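Biologist: I am new to this structure. Could you show me how to read its fold?

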Amino acid sequence: MPEGQIRKRPTPDEIWSALCEVRDECYPMLKMGNVRIEISDRLKKVAAKVCWIPSEDRFVVTVSGRYFDEFGWHHELSEVLKHEIIHIARPRAGHSKIFAAERDRLGAIGYCRSPGDRKKKLLLECQNDTCSWIYSSLERDPCPKCGENGRVVGTVEE
Ligand SMILES: [Zn+2]
Ligand SMILES: [Zn+2]
């Protein structure tokens, strides 16, 4: 199918399948059962981000609905997923030299294309047991749902 042909938003399952194709190409041994996809309209500054919770060995890839509505769900998405799969395969690397070496080896793009602030975000879990909301924040902000404090449970890479 020619580029630009797909205008309709894929489902999270379809994006997961697209990510598996990128995995097959880049990291065939990498397991994907612990990776979940979310589409968000609130994510505006970057095309996608990867949240990692080491204690649960779990990843959540959040994909910006608005970004890909604008730039396309075909070629652009696979380019961005190729960047994000490195964060899944090398969750501790951040955007370090290790990341750069993998990026160059795989021919992935450097950063997501839209400009955003590159400050490191924390992944927090709300301490309120009935809430347990997972959220990201630059500071140790309280839970946006219930106001309880959160504890740091992982990292966020964009
Ligand atoms: Zn909460
Ligand atoms: Zn990144």
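Modeller: Start with the elements. Helices and strands here are DSSP runs, numbered from the N terminus. The model is a predicted one. From the N terminus on, its elements follow the order α-β-β-β-α-α-α-β-β-β.

Biologist: How many helices and strands does the protein have?

Modeller: The protein has 4 helices and 6 strands.

Biologist: In what order do the strands sit in the sheet?

Modeller: Strands of a sheet pair through backbone hydrogen bonds, parallel or antiparallel. In this protein, 6 strands make an open sheet, ordered β1-β3-β2-β6-β4-β5, with mixed pairing. β1 (35-40) and β5 (134-137) are the edge strands; each has a single partner, so one side of each lacks a neighbour in the sheet. Neighbouring strands are turned against each other by 30° on average, direction ignored.

Biologist: In which sense do β2 and β6 pair?

Modeller: Antiparallel, over 3 bridges. Strand β2 covers residues 48-53, and β6 covers residues 150-157. Take V50: its bridge partner in β6 is E157.

Biologist: Which strands does helix α3 touch?

Modeller: Helix α3 (residues 75-89) packs on the sheet and touches β1, β2, β3 and β6. Its direction makes about 15° with that of β2. Helix α1 (residues 12-26) lies across β1 and β3 (58-64), at about 125° to β1.

Biologist: What share of the residues is buried?

Modeller: Buried means 20 or more other C-beta atoms within 10 Å of a residue's own. Of the 158 residues, 25% count as buried. Now look at contacts with a separation of 6 or more: 58% of them join residues 24 or more positions apart.

Key
Residues are numbered from 1 along each chain as its sequence is written. Chains are lettered from A and ligands numbered from 1 in the order in which they are written. This is a predicted model: local features need pLDDT of at least 70, side-chain atom pairs count only at pLDDT 80 or more; totals for chains, interfaces and linings use all residues. Helices (H or I, at least four residues) and strands (E, at least two) are DSSP runs, numbered from the N terminus. A residue is buried if 20 or more other C-beta atoms lie within 10 Å of its own, exposed if 12 or fewer, and partly exposed in between; C-beta atoms are placed from the backbone. Two residues are in contact if their C-beta atoms, placed from the backbone, lie within 7 Å. Two strands pair if DSSP finds at least two bridges between them. Axes are lines fitted to C-alpha atoms, for helices over the stretch in contact, and angles run from 0 to 180 degrees between N-to-C directions.
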